[in-house]
Structures are given as C-alpha cells and as structure tokens.
Amino acid sequence: MEAVRHSDKHASVPIILSGLTFLTGFLVTVSFLAGDDQGRVNLLYLLLLFVVIPLASLLVSLLLLVTRSNQGLAGWLLSLPVWPRHWRSHIAELVMSPLHRPWLFYASQLSAFMLGLGGLLGFMFLLLLSDVSFVWRSTLLKAEDLAPVLSAIAWPWQFWPEAQPTVAMLQTTQDFRSGAQTNDPRLLGEWWRFALAAQLTFNLLPRCLMLIIARMIYGYRTRLAASESSQLTISSAGDNQVHDINQSAPIVDHIDKSFALINWAQAPDMCLAALHSNIGQPDYETGRNQVTDSADGIGFPPTLKPVVLVKSWEPPLAELEDYLRLLPGAGYILPMDWDESGINPVTPAHIEEWCRFTGKIPQWQVLQWR
Amino acid sequence: MALNPVFAVVGHPNKGKSSIVSTLAQVDSVAISSQSGTTRSNEEFTISLGEAGFRLIDTPGFQRPAAVLKWLKAHANSAEKRADAVRQFVSDPACIEAFPDETELLRPIVNGAAILYVVDGSRPYGAEYENEMEILRWAGQPSMALINPIESERYVTPWTQALGQYFRIVKVFNPMQDDFDQQMTILETFAHLNEAWAEPLQTIVSALRDQRRRRQQDSLQLLTKLLIELCNYQLDQKVLNAQQAETLKPALEARYFQKMKAMEQQAHTELKKLYRYQHLQSDIFELSFEDNLFDTEQWIVWGLNRKQLTMAATAAGAAAGAILDIGLAGHSLFLGALGGGLMAGGSAWFGADRIADYKVLGMPLGGYEVRQGPVRNRNFPYVVLGRFLWLTHALQHRNHARRDALRISEGELSEQISALAGAEQKALHRAFDRLVRQKNISNLEEVLAPLFINPPSD
C-alpha cells in the first residue's frame, strides 16, 4: 500500500497475547490436574481437555481459515473491553491495517499454540513434582466399552506401545467412590504417557502446523503488499522552476511621430484597417519575411519608429527578440487578438506576457490603443 | 525484451507540453506557468514497472525555428542527409550557443526518442509553425501530434488538417480535463508509433489501472484510521488539586483542538500523496467541536482511578489466593482465590481516598487527572467522513497538470448516504454511534466501503 503501512506495533500484540494464553494454559492444567483430595484426576475429563476441546478449536480455526474470517482467539481477546485506554486505540489501529486478517489469524494460532504449550508445561510440572493418579469413573460404561475408543484415539502413536491403552489398565484404574480399586497406586500413574501423547497429537502438533501455515500466509501477504506498493515507479530528472520576471515595459495608447509597421504576425487586413484608424497610416509597411530576408536585417528606413504587430496569444519567441535587438533606438510592440469574426480585446494575461517580453528590450514599449 | 519507448514532448512555447507530461506521468512537480519559457531544460520522467516502462521528456519550446531550418538546409542538400544534419546541429558547439533551446529539445530526438508535437487547438493555425514541423520531419523519428484545446476546441479541425500533412497520428488531448480513461487511451495510442512498444506500454497502462483501483482501497483504510483516531483521541494530564485542574482547562482545550485538526490535516496530506499530489495546496474550514469535552477525575497510585485500582487489587488478591489453592492441591475449593480477590478489591474500593492522601518520599499517591475529549457529538464522524470523501473524489477526478488550490468542503454526504442500501445505511449509523462511544468496531472498513463505490455528485 502507498499510504497505510503495516505497523511494527503488530509485533508486540501477539507476544502479549501469547504470554497471557501460556499462563492461562499452565494455570488451567495445573488446577485441573491437581485432582481431588487424593490427587485423583478423572481420565475422561482429561480427554475432554487434551483431545475434545483442542480438536473442536482446531476445526473452528480451519473454518475461519476457509471463510477468511477475521475473528479467532486473538480477535476475540482483542475485542474484550478489558484493555487499557491507550491499548484500545492501538488495537483500533491494528484493526484497520491491510494485513489485519492474516495477522489476526497468525496471532490466534500463536495464542492457541502457547495455550497448549502452557498446558503441556503444567502437565510436566505436576508429573515431576506431584503424583498424579489417573482414574476413570462411569456408571454406564465398562472398561471393555471404553477400550476401543481409547485405542482409536491412541492410533496415531502406535509406535509407542507404552502409551497405548489396554483393557487391563482400564480395569485397574476404574474408580468407584465407594472404595479404592487397586492395591498398587503406581498403576494409577501409568496413564501419563497416554495423556502426554494425546496432548501432543491432538493439540500441540496440529496447532504447530496451523501456526506454520498462518505464518506462511501472513508472510506471503506481507510480501505481496510490499511488492504491490513498489510496483509502479515514477521518477524524474531535471529541475525547471517558475521564475518571476520583474521587468515590464510601459503601455502607451498612441504614438507621436511617423512610424514603420512591421507585420510580424502576418495579420489580415481587418487588423491593419483597425490600426490605421486608431494610430494612423504608417509611413512604411512591411512583413516579417521581408525584414528578416533584407540585406541589413532591419528592412525599413531607420528614421522611422518601428511598430511590430504580433499575435497576442502567441508567446514571444527569441527570434523576435533577436530582430528587435538589431533595431536602433526605441519602438513599439503591438499585440492584437483576432479571429474570423473580428478583432477581440487582448486578454490581460497576454498583455502581461508581452510587457514582460518588451521590458527586456531597452526603450521599447507596448502599444495598446483604447 | 523490447527497448522501452522514450517520448520527447516538443512544440511552441506555452502550448501545454509540461501540462501533458504532468498529467501522463502523474506528477505535480512539473513547473507549469502561464509565462512562456518556463521550461528551460529537458526534464525527464520515467514510468516503470520492473523492466517495462517508458520515458517522457518535457522540453523547452522552439525559439528560433526559422533560423534553425535555414541552418539545416544549408547543411543537407538531399533527403538522406537530413537526419545527419539534425544530429550535427545538436552536437555543434556554435549551434548549442546560438540555439540553446532547439539543441536541447532535439537532443533526445536524435538519441532515439519519438516525437510528441503539441499545439493549441483553441487558437488558429499559423504558417509560422511549419518551420518547427519541418525540423521535426527532418529528424526522421516516429512522430505524433497532440492538439491541446487549452481554451476551446474551436480550431481543432484546421489544425488536424494541417498536422495531418506532417504527422501520421493526430489526437486531441486536454491534459487539464481529460479523464483517466482518456489518458490511458492516449498512452495506448503511443504504441501505434512502433509495434515493439506495445508490450511495455500495455504493461504500464495495466499497472496504472491497478494502481487506481488500489488507491481506492488505500483511501478507505486512511479514512478508517482517521475516524478511529479522531473519535478515540483524548488528552489528559495529572495535577495536584481541583483548582489547578480548572486553571489548566483552556490550555488543554487548545492543545486538544490543535491536535485533532492536525490529525485530519495529516490524513488529507497522506491522501494527496497517495494520489501523487506533493504540491497541491488546499484549504478547509475548521472542525467544530460543540461539546464540552473537559472532565476531571481523582486518581490514586500509578495513575489508576478508583475503579481501576479496585479491579487491579481484586486480580492481584485472586492470583495470590489461587497460588494458595494450588499449594493445597485444590483442597480449598478455590476459596483462596475468591477470598483473596474479595478482600483486596474491597480494601481498594473503600480505602482509595485514604491511599490518595498518603505521601511517599514527599510524592503524593493521589491527585487529579484532567481530560479533554474524546468527542461525543454524534455528528462529528459524519463531518470528517464528508470532508474526506469530498477530497478523495476531487483527487480522483483531478489531473496533475492543474495548479489551482482545492477548497475542501463536506460535499453532499446526505445524498451519498441516501444512495446506500438500507442495511448499509443502518450499519454506517450503528458504526458511527459506536465510534462516538469509543467502542471497538472491527468492520468499520467494510461499513465505509460502499461509500467509495458510490462517489459523491459533483
């Protein structure tokens, strides 16, 4: 874009959002895995946290990607009215950026990834510093009912046999509130590998993939915007300026003595007739070609005052100046304006132009009869 | 890859050569004046897209065509020597001194530039032009004539007839008034001078059309940014007591209004730059702010007001309680977080005034904050919108050759809004209502977009 540039401020927002979601993921997981008073965690709830919710949010992300929506986790977070005032105006600026959508999608994926990462760290934290007992409870389901479902969930990490669920494990870890079910408490911790694999497979890996895709889309759009803005270039070389010319010849409305008319403009008879009636008959009358081709380059008797008739609308050229500088003494420039319908008044702009030009020639004046 | 074309814009002085270059190159830096002889040396403009592009060269006008033709005739007695004579003329030091304008204007032509000969179609044809046209014919380069109807098209026909005897292509082009499509048509016509130029010229024409479309989108983004900035802008300052706050009011008001005007002016300048107007002068009547936008509020430690302090204390208390809960492995049923939050929040709410009176190392922990803005007048965003749309429309329909100033007005905004579909109108009014209440609007750009599709009436 030529005017609105993608702001560097974009960089700080994902970091802040990621920090927040990381902390949230950590705290939620730690709170959840803290379990009940005996440190028992319901495996089925854990599946909800590590499999169902991540998969559902992943589907939402894919849907947003397909529908090119500008919402997502980051969009939702940024729309919350909790940010300080200076942040709100900053967020509002981000919203109108041309790269807002891909950026928002990227920020959402990064936030979701950091949420998962926070969860993973919380999980590892508890595994290291606490004894987590994974149990499951159900009135309706038996271990044999649940085993195929868990096996299906564990299908992606078949290469890791220790993380595979078995009916025996399920039977051992089924919990009834009325009493404990296993004599060996260490068996209750065996599910950690399954839980870890589930979290990695259904949360972190796909989210990582989405993050890479989002980054690529954002990078592509950024490059595209940059290339679009630099496509067409217009450069210039040279520096002409409008110069103020101060000298200006005086305007007179009559001439006192006999004169020679030089019809530089090759004006038609109606112009000459008007001239005769306004300033009198010239003592000598000649045309442009006659004077320039003449032997002395002047082309009229030097005792006469020259009156040079020019087209008012044509800008004065240097070739006229060259001719005027050959002439001895003073003279008059007579700009006239005409067309097929007759003689027109000379416009002030044209008069001004001719006065500027005549001012360069010593003793010359502009003639305009009233 | 074909060589990119170069066009030398030549002709009599003051016939609009610089105007034509200015409009076709979309630059307003070209010196244009009613005084003849403003262009004293060649000025070159390169319009390029990657490797494709073309160059336009603005040249001084002919000043001594009769003498130059005489010189050329003296140096070439047969047709095959004419181009060489022109080349010799351009490089001859004596000619450079005697005919500075002609040697300057003919230099790009002898170096391969095509000729764009410009005349004024509002004034009658004159035989004195034949010297110029003859010199250009001698140069032997591809050539085209452009009739510029500066004041009227009255003499276009006789000019067309006369020019047709010297130039294969004769076109009428008004650099002050012809619209963008007509400008593109002229650029496309240049390709007729040489088939090899069709590709680079077509590339540039397509790029210029794309650029025009993008500018519309970019204008929309500028407007969105401006509206959000103006409607959210607030100026605040901390003072020790209420009396000091009241004293500060006029200065704060003045700073606020000045900043608001500057923000709008900055957006207008960016909009002009977007349309490649670097030198365009414009004036605008001042924004009016009817509301009393001044407000004073007490603040306590770290610049927080009572509500913010309570919320911060609640969050901190809850976090501390939550750590306790985690330490107890959830046995406390989150009572730690709940109790911590309630206690800390309550203390902050009821103890805020007392905290404000405390001093640490002589520095007070509380005071007053004076604020100016943000705007609450529902009409305000419409005024900003109307002025911005008017300027956008003016720039879209203005040619770069014009040098007159713009007088920005609000235009007929109500008509433009009426032209929108009912749902679009509602969305706009709703969005502006949210704007003056400083609510976030994620789709403001989409809401404003239809206004850029329906341009204001002239």
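I looked up what the buried residues of α7(B) pack against: β4 (114-120), α6 (129-139), β5 (143-148) and β6 (169-172) of chain B. The model is a predicted one.

I then listed the buried residues of this helix, which spans residues 156-163, and found B:V156, B:W159, B:A162 and B:L163. Their arc around the axis is only 130°, so they sit on the same side of α7(B). On the other side of α7(B) I noted B:T157 and B:Q161 as exposed.

Next entry: salt bridges. I found 26 of them over all chains.

I checked A:K311 and B:E128, whose side chains form a salt bridge at 2.9 Å, N to O. A:K311 is in strand β7 (residues 305-311) of chain A and B:E128 is in the loop between β4 and α6 of chain B, so this pair joins two chains. A:K311 has 10% relative accessibility and counts as buried. B:E128, at 14%, also counts as buried.

B:E44 belongs to strand β2 (residues 43-49) and B:R55 to strand β3 (residues 52-58), eleven residues apart. B:E44 is partly exposed at 24% relative accessible area, and B:R55 is partly exposed at 31%.

I also looked up B:E264 and B:R387, which meet in a salt bridge of 2.8 Å, N to O. B:E264 lies in helix α10 (residues 242-274) and B:R387 in helix α13 (residues 380-396), so the bridge ties together parts 123 residues apart in sequence. I noted both B:E264 and B:R387 as buried.

Terms used: Residues numbered from 1 in each chain as written. Chains lettered and ligands numbered in written order. Predicted model: local features only at pLDDT ≥ 70, side-chain atom pairs only at ≥ 80, totals over all residues. Heavy atoms only, no water. Buried < 20%, exposed > 50% of the residue type's maximum accessible area, 1.4 Å probe, protein only. Helix = DSSP H or I, 4+ residues; strand = E, 2+ residues; numbered from the N terminus. Arc of directions from axis to C-beta. Contact = heavy atoms within 4.5 Å. Salt bridge = Lys/Arg side-chain N within 4 Å of Asp/Glu carboxyl O.
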